[in-house]
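Trainee: Please take me through this structure.

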Amino acid sequence: MSDPAAQKGGAPHVPVLLRPLLAAVAPVTGVWIDGTLGAGGYARGLLDAGADKVIGIDRDPLAHEMARNWGAEYGDRLSLWQGNFAQMDKAAEAVEAVDGVVLDLGVSSMQLDRAERGFSFMKDGPLDMRMGQEGPTAADLVNTVEEAELANILFIYGEERQSRRIARAIVQDRPFDRTLPLAELIERVLGRTKPGQAHAATRSFQALRIAVNGEYDALWQGLMAAERVLKPGGRLAVVTFHSVEDRMVKRFFQLHGDKKTHVNRYGDQTQAATDPFEVLTRKAVGPDAEELAENPRSRSAKLRVGRRTEIPARAVEAAELSMPVMKQTPKTPRRR
Ligand SMILES: C[S@@+](CC[C@H](N)C(=O)[O-])C[C@H]1O[C@@H](n2cnc3c(N)ncnc32)[C@H](O)[C@@H]1O
């Protein structure tokens, strides 16, 4: 990435859509919450762009460990809060007002690259996949849930059309403790991955990761939390990497984004806000050609931005966001 802010401290994760995000939320002032700190690319971008303070949230202790190194140069302008961004109200208690919230969903390159974290179907490691490194692992899930439930997880969270065949094969061959044997089994079921195609295990691993980390629940709750903590005029920017997440964010802004605020030809607002957000990106923003060339991982990224109005925050139902919900609520898997 050519953005020098992204390079400071030698961040191994290349931030995606950082330039359009900073442009869409400019001018950056006051207190910002980065709900997905990762390697700190967004937090540094916000601090360098003029934020007085950034509260960096991440579930993963690794992100906090890294921030203790790169964050030193920012002193107390950077504060860290380990936990789920769905609970960002707690992190926001330390400040008077929040001027902006950014969310960059999914996993970081560091998480994927470290075989011992168990996110990758390319590298052998324990079948773990926990961002927060606590609670049941992917192995706990795969080895204990019933076949029909496993098929549902693969279908609903991974949009895997061969979910039943894969679930049947997993249940026949389990237990699985490592990533590669599971990835190889999925390849045997679906047929070898052809050159240029996504790996056969891509959708199943995505589904397990989403289930293990409760990612859709976190997004649903996180959007509502952002609405509660932001001050009027504050900005919410969300970057998603797949269609289900983008649909949830789009629906959220459709339901909570102002449709009735009009600007007359003199630039005056003619009607008061009636919804908690004014949508600043009518269409999702994707990477430009330069970013695509520099970082192919940005291909599926989409950015949506809203500005908080004076209208009080209100709850939204998961179903209103078209959030995929398991037909059968998974029982908390037993640890083996
Ligand atoms: C795509 S990376 C963010 C990268 C970051 N923007 C950067 O430039 O380095 C996503 C990060 O968010 C964290 N994360 C994902 N879901 C989370 C949640 N619900 N609460 C807190 N952290 C979360 C992951 O652990 C990961 O470190």
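Mentor: Contact here means heavy atoms within 4.5 Å, and helices (H or I, at least four residues) and strands (E, at least two) are DSSP runs numbered from the N terminus. The model is predicted: local features need pLDDT of at least 70 and side-chain atom pairs 80 or more, while totals for chains, interfaces and linings use all residues. Residues count from 1 along each chain as written, and side-chain values use heavy atoms, without hydrogens or water.

Trainee: What covers the buried residues of helix 9?

Mentor: The cover includes helix 7 (138–144), helix 8 (147–158), helix 10 (179–190) and helix 11 (202–213).

Trainee: And which residues of helix 9 are buried?

Mentor: In helix 9 (residues 163–173), these are Ser-163, Ile-166, Ala-167, Ala-169 and Ile-170; buried means under 20% relative accessible area, exposed over 50% (1.4 Å probe, protein chains only). They span an arc of only 165° around the axis, by C-beta directions, and therefore sit on the same side of helix 9. Arg-164 and Gln-172, on the other side of helix 9, are exposed.

Trainee: Now the sheet. In what order do the strands run?

Mentor: Seven strands form an open sheet of mixed pairing, in the order 3-2-1-4-5-7-6; two strands pair if DSSP finds at least two bridges between them. Strand 3 (78–82) and strand 6 (277–279) are at the edges with a single partner strand each, so one side of each has no neighbour in the sheet. On average, neighbouring strands are turned by 20° against each other, direction ignored.

Trainee: Which way does strand 1 pair with strand 4, parallel or antiparallel?

Mentor: Strand 1 (residues 31–34) and strand 4 (residues 98–104) are parallel, over three bridges, with Asp-34 opposite Val-102 of strand 4. Strand 1 also pairs in the parallel sense with strand 2, over four bridges, and Ile-33 stands opposite Ile-55 there.

Trainee: Why is strand 2 described as largely enclosed?

Mentor: Five of its six residues are buried, so the rest of the structure largely encloses strand 2.

Trainee: Finally, the ligand. Which residues come nearest?

Mentor: Of the 24 residues around the ligand (a heavy atom within 4 Å), the nearest are Asp-58, Asn-84, Phe-85, Asp-104 and Gln-111.

Trainee: How far are their N or O atoms from a ligand nitrogen?

Mentor: For the side chain of Asn-84, an N or O atom is 2.9 Å from a ligand nitrogen. A backbone N or O atom of Phe-85 is likewise 2.9 Å from a nitrogen of the ligand. For the side chain of Asp-104, the distance from such an atom to a ligand nitrogen is 2.7 Å.

Note on methods. Axes fitted to C-alpha atoms, helices over the stretch in contact; angles between N-to-C directions. Polar contact = N/O pair within 3.5 Å; in protein donor to acceptor, adjacent residues only side chain to side chain.
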